[in-house]
Amino acid sequence: MRFESPLQLILPFLWPKPPSPARKAERLVVTDADSAYAVTVVRHPRARSYNLRIKEARREAVLTMPRRGSLREARAFAERNAAWIGARLKRLPEPVPFAHGATIPLRGIPHEIEHRPLARGTVWTMTRGDAAFLCVAGRPERVARRLADFMKREARRDLAQASRHFAAMLDVRIGGVGVRDTESRWGSCSVEGALSFSWRLVLAPPFVLEYLAAHEVAHRIELNHSRTFWRLVDRICPERHRAEAWLKAHGNGLHRYGAG
Ligand SMILES: [Zn+2]
């Protein structure tokens, strides 16, 4: 246990609790008919009951339980809901690997991946008739990695450009723009102004990526989601509602493409 100040030693019952400690995860496996499912168990200080949800990005079940709940009860709860877990996992869209023949969206437009083992270069886009292609040169075992690097580079370039554009509109300074493979948030803005985004936004239509950039840049002025904040976002990005609706409908589906 860590005390924030000497007063806490004296007044342990009156002092407000420090911010929630790091969540501790445990794993268990439950079975239903012939199938076995891994369940990650997370103890949460504010959880009142046992609760199951499916994490689409990882294709796994997560069980949240009260901090003082018992692991035995958690297991029983997960086992009672094993059929539900199976049904939900089956409904998830199939993963799409970064491999020859697969189709992945780039800026909202479907592109077929075409491996060109003998070609020079790394990755480039091409159209043939109405069809768009992502061509990848080099050895077969490098295709996935080359494509992932390409997508992240393109994402960073689009996001940096959009962020600079909105920063100029609001007359604020921004730090570096980075991309990561985040699961639960599409973007973040540090107190110092560094912006970070999910590279997967480059898979979505450009108005979605632009909205996220506008959103994070607006946090340079308002570090909250107050009315003032949303007014700022609306001023520089009138497509906010359309972008939010798109993310609600298709955002989770972006996690099915390629590797992390
Ligand atoms: Zn925000």
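Modeller: Before we start, one term: two strands count as paired when DSSP finds at least two bridges between them. Also, this is a predicted model.

Biologist: Thanks! How many helices and strands are in the protein?

Modeller: The protein has seven helices and 11 strands. Its C-alpha atoms fill a box of roughly 70 × 55 × 30 Å along the principal axes.

Biologist: And which domains does the assignment give?

Modeller: Domain 1 covers 16-91, and domain 2 covers 103-256. Their centres, taken over C-alpha atoms, are separated by 31 Å.

Biologist: Let's take the hairpin of β1 and β2. How many residues lie between the strands?

Modeller: Two residues lie between them, and A33 in this hairpin takes a positive phi near 55°. Strand β1 (residues 25-32) runs antiparallel to β2 (residues 35-44), with eight bridges joining them. As one example of the pairing, E26 stands opposite V41 in β2.

Biologist: What about β3 and β4, parallel or antiparallel?

Modeller: Antiparallel: five bridges link β3 (residues 51-55) with β4 (residues 60-66). N51 stands opposite T64 in β4. These two strands also form a hairpin, with four residues between them, and R59 in the turn has a positive phi of about 50°.

Biologist: New topic. Which strands make up the open sheet with mixed pairing?

Modeller: Four strands do, in the order β5-β6-β8-β7. β5 (103-106) and β7 (123-128) are at the edges with a single partner strand each, so one side of each has no neighbour in the sheet. On average, neighbouring strands here are turned by 40° against each other, direction ignored.

Biologist: How do β5 and β6 pair?

Modeller: In the antiparallel sense, over four bridges. L106 stands opposite I109 in β6.

Biologist: Which helix packs on that sheet?

Modeller: α4 does, touching β6, β7 and β8, and its direction makes about 115° with that of β8.

Biologist: Now the inside. Which residues touch the most other members of the largest nonpolar core?

Modeller: The core has 41 residues, and the ones touching the most other members are L147, L159, L201, L209, L212, A213 and A214. The elements giving two or more residues to this core are β8 (131-137), α4 (143-170), β9 (177-180), β11 (195-198), α5 (206-218) and α6 (227-236). Apart from this core lies another, of 10 residues, including V30, V39, A61 and A78.

Biologist: You mentioned A213. What is A213 in contact with, leaving aside its sequence neighbours within four places?

Modeller: A213 is in contact with L159, A162, S163 and F166.

Biologist: And α6, which of its residues are buried?

Modeller: L232, V233 and I236 are the buried ones. They sit on the same side of α6, because they cover an arc of only 95° around the axis.

Biologist: What covers those buried residues of α6?

Modeller: The cover includes α4, α5 and α7 (240-250). The face of α6 turned away from the buried side carries exposed residues R227, R231 and R235.

Biologist: Last one: what share of the 260 residues in the protein is buried?

Modeller: Buried residues make up 25%. As for contacts with a separation of 6 or more, 48% of them involve residues 24 or more positions apart.

Conventions
Residues are numbered from 1 along each chain as its sequence is written. This is a predicted model: local features need pLDDT of at least 70, side-chain atom pairs count only at pLDDT 80 or more; totals for chains, interfaces and linings use all residues. A nonpolar core is a set of buried Ala, Val, Leu, Ile, Met, Phe, Trp, Tyr and Cys residues joined through C-beta atoms within 7 Å. A residue is buried if 20 or more other C-beta atoms lie within 10 Å of its own, exposed if 12 or fewer, and partly exposed in between; C-beta atoms are placed from the backbone. Two residues are in contact if their C-beta atoms, placed from the backbone, lie within 7 Å. The arc is that of the directions from the helix axis to the C-beta atoms. Domain bounds come from an automatic or database domain assignment. Axes are lines fitted to C-alpha atoms, for helices over the stretch in contact, and angles run from 0 to 180 degrees between N-to-C directions.
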